[in-house]
Amino acid sequence: MIIRISLGIVILGFLFLFAGASFAQDRPPRETGCNLIDKNHPPQFILYEGKSDPSVINLRLRNNSNCPIVVETDDALATQLKKLPNGGMKIEPVIGSHDGVRLRLHYLIEHRLRGEAPKPAYGWGDSVFTYHILAGQSVIFAIPATDLKRHFDIAVPFNYSWEGRTSVMMAAGGVVHRVYFLFDDLSLDQRP
Amino acid sequence: MSIAADVAPSQPWAGQITPSFHTLLTNASGGLEPSYQPNAALMAYGGALAQGRVTASGVSGRSGNVTTFGVTTNNTTIVWNREFFTLGLDGQALMTLHESLHLIPNFSDFAIAGAAHMMASRGTNNPGNIGHFEDQTAASQYINEQIAAHCQP
């Protein structure tokens, strides 16, 4: 009797296993949560964008995930360059999220070799704003060339929008998100 | 307040509407008059606490030789860092005044510091000027100095 019951359980187990395997084969994998837009890049990354002048380096932070992220800025609106009909350029303020806007982004600098904690790159003050970088969008921010000249790494703290109103700098529940631009990411001709 | 409201829209890229305080603060004879009673302000503060608009970060605001006691985000929420709770009542009142000013649209550190500098530098035949501050932290510290100089009991 015991042998029969054991055999029954084994057969039932096989059936469940088979059914499970069949499900796994039939259903396409469900994509939940945040996913990459361009599978060849990390969820967030920073690229060299060029120099405004020899003393200023522009970097572009891209959100390569389908989840909006939040970064912190000075208490000034984002701006964008607009082409005028006469061929000139005009810097104008931007309200809302747009791809390629310029921000006074709050970023940290970190001296890897000294092993020190990352520090705010400049005096941020105590009145700050947040900016949402939507899925696939990017922002441009400027850093003094001297920051990279001294072999500092750049770290931009961010939150995911779904984390709510938690301070970007304080992080939610001790979980810190940072996207880095390392000094080594600069090619030799880009280095200040 | 009204000087700051005049200075605020001239800040780079101020995109919001700066409220005017002239009508709120000026009485029929042209003098200044507070428009709210203290208990109304206390109730508003209690409401903000209940809504989670005023919270404690639980972390230190110290970075190098700069201490940030509180941070106002998007003119809407205030977060107090650990050092705020080590201050005496006068110090906490000073910081509360400072952060409360940032709840007003376009009242940035530069705008408030500029207004304070105008008041500090003006004379009989001199309208004063908004001064020059190296960065936002410098502007913020100037605000603290001016509040301490003029508002301490």
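A:Thr73 stands opposite A:Phe129, a residue of strand β9(A), in what is a predicted model. The pairing to which the strands belong joins β3 of chain A, residues 69-73, to β9(A) in the antiparallel sense, over five bridges. Strand β9(A), which spans residues 127-133, also pairs with β4(B), here in the parallel sense and over two bridges.

**Strand β9 of chain A**
- This strand is mostly covered, since five of the seven residues of β9(A) are buried.
- Where β9(A) pairs with β4(B), A:Ser127 stands opposite B:Thr72, while the bridge partner of A:Val128 is B:Thr73.

**The contact between chains A and B**
- Across the two chains, 26 residues of chain B are in contact with 21 residues of chain A.
- On the side of chain B that touches chain A, at least two residues each are supplied by β4 (70-73), β5 (77-80) and α6 (136-151) of chain B, and the largest share, five residues, comes from α6(B).
- Sorted by class, that side of chain B holds 15 polar residues, eight nonpolar residues and three charged residues.

**Helices α5 and α6 of chain B**
- Helix α5 of chain B, residues 109-121, packs with α6(B) at an angle of about 45°, and the axes of the two helices are 8 Å apart.
- That angle makes α5(B) oblique to α6(B), and the crossing in which α5(B) passes α6(B) is left-handed.
- From α5(B), the contact is made by B:Asp109, B:Phe110, B:Ile112, B:Ala113, B:Ala116 and B:Ala120, and from α6(B) by B:Gln136, B:Ala139, B:Ser140, B:Tyr142, B:Ile143 and B:Gln146.
- By class, the contact of α5(B) with α6(B) has eight nonpolar residues, three polar residues and one charged residue.

**A:Arg150 in chain A**
- A:Arg150 lies in the loop that runs between α2 (145-149) and β11 (153-160) of chain A.
- Is A:Arg150 buried or exposed? A:Arg150 counts as exposed because 12 C-beta neighbours lie inside 10 Å, and the cut-off for an exposed residue is 12 or fewer.
- Between A:Arg150 and A:Leu84 there is a separation of 66 residues in sequence and of 38 Å in space, taken from C-alpha to C-alpha.

Note on methods: Residues are numbered from 1 along each chain as its sequence is written. Chains are lettered from A and ligands numbered from 1 in the order in which they are written. This is a predicted model: local features need pLDDT of at least 70, side-chain atom pairs count only at pLDDT 80 or more; totals for chains, interfaces and linings use all residues. Two residues are in contact if their C-beta atoms, placed from the backbone, lie within 7 Å. Helices (H or I, at least four residues) and strands (E, at least two) are DSSP runs, numbered from the N terminus. Ala, Val, Leu, Ile, Met, Phe, Trp, Tyr, Cys and Pro count as nonpolar, Asp, Glu, Lys and Arg as charged, and the others, Gly among them, as polar. Two strands pair if DSSP finds at least two bridges between them. Axes are lines fitted to C-alpha atoms, for helices over the stretch in contact, and angles run from 0 to 180 degrees between N-to-C directions. Angles under 35 degrees count as roughly parallel, over 145 as roughly antiparallel, 65 to 115 as roughly perpendicular and the rest as oblique. A crossing is left-handed if the near helix is turned anticlockwise from the far one by less than a right angle, and right-handed if clockwise. A residue is buried if 20 or more other C-beta atoms lie within 10 Å of its own, exposed if 12 or fewer, and partly exposed in between; C-beta atoms are placed from the backbone.
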